[in-house]
Amino acid sequence: MTVPAAAVPLLSVEDLSVEFQTRDGVVRALEDVAFTVARGETVGLVGESGSGKSVSALAILGILHPAARITSGRAVFGGLDLIAASETQREEYRGRELSMIFQNPRTALNPIRTVGRQIEDVLVRHANLGRARVRARALELLAQVQIADPARAWGAYPFELSGGMCQRVMIALAVACSPALLIADEPTTGLDVTTQAAILELIEDLARRSQMATVLITHDLALVGERCDRIVVMHAGHVVETAPTLELFRAPRHPYTARLIASTPRAGARLADLAPIPGGVPDLRGVLPPCRYRLRCERAAPACDEPPLPRQQIARGHLVACRFPS
Amino acid sequence: MIALLRHGRYVVGENPVTGAAFALLLVLLFFALFGVWIAPYDPLATDAAQTLQPPSRAHWFGTDQVGRDVLSRMIVATRLDLVIAVSAVALSFVLGSAAGACAGFFGGWTERLVSRLTDTIMAFPLFVLAMAIVAALGNTVANIVYATAIINLPFYARMARAETNVRRDAGFVEAARLAGNGPGRVLAFHVFPNCLPPMMVQVSLNLGWAILNAAALSFIGLGVRPPTPEWGIMVADGAAFMVSGEWWVSLFPGLALMLAVFCFNLLGDGLRDLIDPRRRT
Amino acid sequence: MVRSPLLRMIGRRLLAAAPGLIGVVVVTFLLNRALPGDPAAFFAGPAATQQAIAEIRTKLGLDRSLPEQFALYVRDLARGDLGHSLTTGQPVTADLLARLPASLELTLCGLVLAVSVALPLGILAATRPGSWIDHLARLLTTAGVSLPIFFTGLVLVYVFYYLLGWAPAPLGRLDAFSTPPRPVTRMFLIDSVLAGDGALFWATARQMILPAVTLALFAMAPIARMTRAAMLGVLASDFVRTARAAGLSRHTVMVTYALRNALLPVITLLGMVFSFLLGANVVVEKVFAWPGIGSYALEALIASDYAPVQGFVLAMASLYVLLNLLIDVLYGVIDARVRIET
């Protein structure tokens, strides 16, 4: 899990803001989100449901819902700002240089197309291989994601495979062209515990072998604690804290991070030891205070109502968005 | 009740089209009830001197080939068409949903029997079946009603069966059973009333279709016989003249048909929004 | 044992269609028996004696028990004997076969026209929500389901024939000056092409336009509405999102991933559309004096000649069962979930 000493990050997200047009008004789903991913690094993106983790990933790839609008920001990947780029350029990058896997793998695959064909669709699109070579490569990939009997899986439809196998197929689709970055959006939700571990092991394995960077999106802090080099904590569309894993757990500076850690189940702790976070994610419509954690925060003070929300660099690689970090 | 009315007013306010449809329904009902008295001329009175007159101040919608006033006939026809449609749909709804509810609730032989019946009806192109029924039973208005009712049965049976099936194992049903109600009472007084709202949407949409069906049957010569004023048969009467340019004999009854069907379809959509806003397209 | 899942599925569907056909035969038999009046007296004529009527009744088998009559009925059906038409004097089967191509040609043209307009309209309305195409599609679907088909036909005749003079008089399949082409399929459009007669092809097409458009307008509304709804649903689905995330080309995503899945409910809908079309056929044939089986049945009905009517109902119902079978098979070809028994 060592971080290579490359100076230029592989992916650099800056000031990303996304709005949704809904019948009840404008929802400011993301505001000034920023984080980086270095080559070969594993970054965990954590937060409650509705914190904007998935929206960030979809915005980077350019596959947001049509009602969404990116109002500002850059996502510089390998020198190209994906947000400012044309759709044609993005289509070239997606699936080849950076890819994404989703939760609920069963519904995330085309139900009326065999799994093998779907992998071949990606290969035909991005890799310049002949027809015969494409088929062989698809089988190779199915073996690489540890599917027993790749030949049989190749001709199977998603409904004939288990959830775990479908997720492996999705991973095969995603790594088919050896991308430099893989974004995994809650890849283990809906799978049983043993399969969860196996899938995460598989991703880690593949990442290590080809120096692929990974962004692991989850609400499970324990998971990112085990598997990630760095953690980005999000709350209500803001990035509240970014730090290397050990440092985050040892010394969380943002009040939300601290409470998140305290409420995470861990071995040896009793249920009564876990402290839930009061309140809920604020309504993202209408006018919001500069710090969106304000109403749930025990350290809130009148100064917190004054814009802008400060982003302080506490230590190397450790950023906090708080006026009163601990 | 008050809450429903308030919600209703909100929906109508939100969607003025539904409000317009409702107003149109009231107009239709008015003509159906009082048409006979407000029609300017006797709908059956012929006038050999005034045949095929275009719309004028004396005859707002013109006259037909035997000199009858088109407007009067149109107004009076409202009652017949609405009565046919409403009775057909009512009959269909009562029988179909009863059968479907029993099938969904009791399962077993009841379900198999009702399924066989609906499948048999649906094995026919529905209008053709209606034609066959009217041809077999005789050319009367009552038979048009029966035929239209029969071909609509499957929709209600299937819907009732599905809705009952979903609710069969719900908590409140269990409670009713434990309170000592026999299965019949549970079905009739607890399960079925809950199935009603979505079925009301179907009823409204069906009314439009029933009117079209009855009119089409009359158009091809089945059911209503001349000189009874009915929209479909009026269009049939005027069909030959449409080709030679006397458009008013067919056009006005046709427009009346269109408006009535449109009204019921919009009401059905409005009802659907009222009951389940998630399904709004 | 047949190993191909597709063939096994077709077999299953055939078996499933059998009860439908049986039901159709039973119902038409029962309807026949419910006919008003005494057929024997009708056949014998107004001046017949009681004895003559009784003889005819025996000859027709009307004095036997109901199950026996049903057995006779089925036996006749199996031989292709649908009785005789009193008005034409021909066997009903022969009449129907002679007039069926006209109806089929018209219905097929109407359907092809409807699909070729409604599908693109629905797709465009879904991919460009809020645009003028979307509004047009919604207008069409709301209006289309409210229009009485005989009314649309008449209005079209009035506007395009009487007012504008663009369309020919609604007098049937050909105008007074043309002769039918050499009968191969008995469908004039195809036969005129086979005979290489361009002028005849256009003459036929001109006569066909208005009735085909009338039928098409009727079928367009539900197809466009379903296509739009299905497309909207599919475009928002998880697997389309995956396809886009994998950088697949817009064409692949639209056609291979989105459209194929969206077509499934549309195909299912086609069954209902056929039901309406086959019924609407009768009405359109009356408006445009089209010599198909619909007008054949209507003419017979007016003359109280019931054998053709019965034959017509049987023919239409059988056709409908066959069409539904084809639709089921088509669905199974596209969607593996119904093809493969898990």
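The bend at a residue is taken here as the angle between axes fitted to the seven residues ending there and the seven starting there. In this predicted model, helix α3 of chain B bends by about 30 degrees at B:A77. The helix covers residues 70-106, 37 residues in total. Its first and last C-alpha atoms lie 53 Å apart, close to the 54 Å expected at 1.5 Å a residue. Just after α3(B) comes B:G107, with a positive phi of about 65 degrees.

The interface of chain C and chain B was examined next. Chain C contributes 44 residues to the contact, and chain B contributes 41 residues. The two chains bury about 3600 Å² between them. Carbon and sulfur atoms give 81% of that area. Three residues of chain C stand out: C:F150, C:F151 and C:L154 supply 17% of the area that chain C buries against chain B, more than any other three residues.

Polar links were then counted. Three residue pairs are in polar contact, with both residues at pLDDT 80 or more.

On the side of chain C that touches chain B, the elements giving two or more residues are α1 (5-33), α6 (132-144), α7 (149-163), α11 (250-287), α12 (293-302) and α13 (306-334). By class, this side of chain C has 34 nonpolar residues, seven polar and three charged.

Technical notes:
Residues are numbered from 1 along each chain as its sequence is written. Chains are lettered from A and ligands numbered from 1 in the order in which they are written. This is a predicted model: local features need pLDDT of at least 70, side-chain atom pairs count only at pLDDT 80 or more; totals for chains, interfaces and linings use all residues. Side-chain values use heavy atoms; hydrogens and water are left out. Helices (H or I, at least four residues) and strands (E, at least two) are DSSP runs, numbered from the N terminus. The expected span of a helix is 1.5 Å times one less than its number of residues. Contact means heavy atoms within 4.5 Å. Buried area is the accessible area (1.4 Å probe) that two parts lose on being put together, summed over both. A polar contact is a pair of N or O atoms within 3.5 Å; within protein, one must be able to donate a hydrogen and the other to accept it, and residues adjacent in sequence count only if both atoms are side-chain atoms. Ala, Val, Leu, Ile, Met, Phe, Trp, Tyr, Cys and Pro count as nonpolar, Asp, Glu, Lys and Arg as charged, and the others, Gly among them, as polar.
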